[in-house]
Amino acid sequence: MARPGKSAAASTKGDVNMTDAGKVKRTINKSKRRKEQAAAVKASAAAAAAGAKRESKKERRKRIALSALAGAKIPGSAKAETPDQLRQRHAQEWKDMKAKVTALKKLRQNMPKKGSKEKKATVAQEIKQLQEDMQVRHLAELRAAGLDPPAVPMKKWGKAAAADAMSDA
């Protein structure tokens with residue numbers, strides 16, 4: 001006799017008629033996830049041990065400014081450039097840096113929402129550092145070339161340009 005759910009042909013051949021079983025619960029490989037987390041913790045601990053003393057913001061700014069000033073004394077560097085060439089190079093470097101920032105922001109946005117808070121914070125810090133380092137280096141190069149640095153801080157250039165465009169002065 002055939003059971004309900006099997007057809008007569010299926011019962012004679014030994015085949016089973018599959019019915020809709022509903023949702024299938026997926027299992028998560030917890031051991032794999034724990035191993036990955038442990039490896040990430042070890043990597044961050046190793047990085048912290050390697051760079052035990054982090055460079056302060058003030059020290060980093062000094063180092064960048066001094067390296068820019070030292071580069072100005074080398075023949076074929078900032079001193080060999082005309083002011084227009086220097087500003088064009090700065091504009092190109094700023095544009096390249098903005099492209100890197102955009103790529104980093106896209107990377108940060110595509111990170112998983114859970115479990116990546118530290119990674120997102122690291123990327124955000126890297127973005128801020130890229131912008132700040134570029135600003136400090138450009139100001140140092142302008143001063144080394146004997147040019148006046150901009151009256152408005154670089155972070156506010158976009159806002160200042162918009163305000164100047166609107167004013168009738």
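Helix H4 covers residues 83–109 of this predicted model. With 27 residues, H4 reaches 38 Å from its first C-alpha to its last, close to the 39 Å expected at 1.5 Å a residue.

Which residues of H4 are buried? They are Leu86, His90, Glu93, Met97, Val101 and Leu104. An α-helix has 3.6 residues a turn, so residues three or four places apart point the same way. The cover over the buried residues of H4 includes helix H5, which spans residues 117–144.

Apart from neighbours within four places in sequence, Val101 is in contact with Ile127, Leu130 and Gln131. Val101 and Ile127 both belong to the largest nonpolar core, a set of 7 residues whose other members are Met97, Leu104, Met111, Val123 and Met134. H4 and H5 are the elements that give two or more residues to this core. In soluble globular proteins, nonpolar side chains tend to be buried together.

Is Thr122 buried or partly exposed? Its relative accessible area is 47%, so Thr122 counts as partly exposed, given that this class lies between the 20% and 50% cut-offs. A polar atom of the Thr122 side chain lies 2.8 Å from the backbone oxygen of Glu118. Thr122 can also be located relative to Arg108: the two are 14 residues apart in sequence, and their C-alpha atoms are 9.4 Å apart in space.

Terms used
Residues are numbered from 1 along each chain as its sequence is written. This is a predicted model: local features need pLDDT of at least 70, side-chain atom pairs count only at pLDDT 80 or more; totals for chains, interfaces and linings use all residues. Side-chain values use heavy atoms; hydrogens and water are left out. Helices (H or I, at least four residues) and strands (E, at least two) are DSSP runs, numbered from the N terminus. The expected span of a helix is 1.5 Å times one less than its number of residues. Buried means under 20% relative accessible area, exposed over 50%, partly exposed in between (1.4 Å probe, protein chains only). Contact means heavy atoms within 4.5 Å. A polar contact is a pair of N or O atoms within 3.5 Å; within protein, one must be able to donate a hydrogen and the other to accept it, and residues adjacent in sequence count only if both atoms are side-chain atoms. A nonpolar core is a set of buried Ala, Val, Leu, Ile, Met, Phe, Trp, Tyr and Cys residues joined through side-chain atoms within 4.5 Å.
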